[in-house]
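Please view the model alongside the text.

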Amino acid sequence: MSMPYKLLSLIASSCILFAPLARSQQEKQLPASRPEEIEWTWEVRPAHVNPTLPNVLLVGDSITRNYYPEVQRELSQAANVYLFATSTSVGDPRLPHQLAEFASLQHIDFQIVHFNNGMHGWTYSEAEYKQAFPSFLFALRGIAPQAHLIWASITPVKSETQPGPTNIRIEVRNDIAGSLIKAAGIPIDDQHELMTHHTDQYEDSVHFNTTGAIVQGQQVTKTIRLYLMKP
């Protein structure tokens, strides 16, 4: 037996009413914003959007920004690929707002969101990273409620700095995020494992050269293709 129309309307209204409340309660638990000396966001919309193709969003930082061109090239006939990259880290209460603003400007439905975050925000402890990661997932679900989410692990660095990045802290963050990701049933693109086999392809202490970025982009594309045909 179907629900009465008034009851369905009441449920829908309650969801609309309490969703912002849930978000605000999560954000109250986050630590205060700790800006970096240099901050940035980098957003890319396909030059020619094909309305017959699904929309894919890559979320991350400069690592993601570097492999984005390869993903866009490989999926040029299969999807419209968007990019939202930022230096704002999990733990910073501004990140959910940045994602929401980006989604509002694009105003489209994403079928797949491939995401990563963790190479910035080293003034946030791993305990704070763990505390804030659910709000990051909540924000991603908020901008793409019907999308397949895919998490990319944080890549290793060539040389370490204090307070970060260091490979030990990266591994801890990957373990934290990975446990939450698995609990949420979200598939994993293990970029960390991949790039441990390409340590000759760094262009600096953190980023990979063009060849390394292509290797990353190829694995991202392969992972995304698994979900492009799924409803």
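Among contacts in the chain with a separation of 6 or more, 79% join residues 24 or more positions apart, a contact meaning heavy atoms within 4.5 Å. The model is a predicted one, in which local features need pLDDT of at least 70 and side-chain atom pairs count only at pLDDT 80 or more, while totals for chains, interfaces and linings use all residues. Residues are numbered from 1 along each chain as its sequence is written, and side-chain values use heavy atoms, with hydrogens and water left out.

Seven helices and six strands make up the elements of the chain; helices (H or I, at least four residues) and strands (E, at least two) are DSSP runs, numbered from the N terminus. Their order from the N terminus is α-β-β-α-β-α-β-α-β-α-β-α-α. Of the 231 residues, 48% are buried, that is, under 20% relative accessible area with a 1.4 Å probe, protein chains only.

Two packed helices are described by the angle between their axes and the distance between the axes. Helix α2 (residues 62-74) and helix α7 (residues 210-228) have axes that come within 8 Å and cross at roughly 60 degrees; axes are lines fitted to C-alpha atoms, for helices over the stretch in contact, and angles run from 0 to 180 degrees between N-to-C directions. The contact involves residues including Ile-63, Tyr-67 and Val-71 of α2 and Ile-214, Val-220 and Ile-224 of α7. The residues of this contact comprise seven nonpolar, five polar and three charged; Ala, Val, Leu, Ile, Met, Phe, Trp, Tyr, Cys and Pro count as nonpolar, Asp, Glu, Lys and Arg as charged, and the others, Gly among them, as polar.

Conventions. Buried means under 20% relative accessible area, exposed over 50%, partly exposed in between (1.4 Å probe, protein chains only).
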